[in-house]
Amino acid sequence: MIEKNIILLNSLDSVRKFVSIAMERDYDVDLCSGKYIVNGKSIMGVFSLDLTKPIKMIAHCESDDDFFEKIEQFIVKGEE
């Protein structure tokens, strides 16, 4: 399991791109904001979160360099 803080900037394009990348994975990707946890592969779930703040992303995998390379633009700087 790998955790990173991400920011999606409350824009349709960034949410759509993140969800699309997450859907390519065969493992779960969860997004946590406060007490809420949603499926990172659900565009409706992602939009139910407060996107004005960083969100904790939990990828249920040991490692996936390709995934983290594709979502690098969303990772909060200083988290790499």
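Residues are numbered from 1 along each chain as its sequence is written. The model being predicted, local features need pLDDT of at least 70 and side-chain atom pairs count only at pLDDT 80 or more, while totals for chains, interfaces and linings use all residues; side-chain values use heavy atoms, with hydrogens and water left out.

Helices (H or I, at least four residues) and strands (E, at least two) are DSSP runs, numbered from the N terminus. Four strands form an open sheet in the order E1-E4-E2-E3, with antiparallel pairing; two strands are taken to pair if DSSP finds at least two bridges between them. Strand E1 (2-6) and strand E3 (36-39) are the edge strands, each pairing on one side only. From one strand to the next, the twist averages 25 degrees, where axes are lines fitted to C-alpha atoms, for helices over the stretch in contact, and angles run from 0 to 180 degrees between N-to-C directions.

Strand E2 (residues 29-33) pairs with strand E4 (residues 55-59) in the antiparallel sense over four bridges. Within this pairing, Val 29 stands opposite Ala 59, and Met 57 of E4 is the bridge partner of Leu 31. Four bridges also join E2 to E3, again in the antiparallel sense, with Tyr 36 in E3 as the bridge partner of Ser 33. Two residues lie between the strands in the hairpin of E2 and E3, where Gly 34 takes a positive phi near 65 degrees.

Residues are classed as buried under 20% relative accessible area, exposed over 50% and partly exposed in between (1.4 Å probe, protein chains only). Strand E2 is largely enclosed by the rest of the structure, because five of its five residues are buried. Burial extends to both faces of E2, with Val 29, Leu 31 and Ser 33 on one side and Asp 30 and Cys 32 on the other.

Helix H1 (residues 12-23) has 12 residues and reaches 16 Å from its first C-alpha to its last, close to the 16 Å expected at 1.5 Å a residue; the expected span is 1.5 Å times one less than the number of residues. Ser 14, Val 15, Phe 18, Val 19, Ile 21 and Ala 22 of H1 are buried. These residues lie on the same side of H1, because they cover an arc of only 160 degrees around the axis, the arc being that of the directions from the helix axis to the C-beta atoms. Asp 13 and Met 23, on the other side of H1, are exposed. The cover over the buried residues of H1 includes E1, E2, helix H2 (43-47), E4 and helix H3 (65-70), with contact meaning heavy atoms within 4.5 Å.

Zero disulfides are found in a search of the whole structure, a disulfide being a pair of cysteine sulfur atoms within 2.5 Å. For Cys 32, the nearest cysteine sulfur is that of Cys 61, 14 Å away. Cys 32 is buried at a relative accessible area of 13%, and Cys 61 is buried at 9%.

Gly 78 is found in the segment after H3 and, at 75% relative accessibility, counts as exposed. Gly 78 and Asn 5 are 73 residues apart in sequence and 9.7 Å apart in space, C-alpha to C-alpha.
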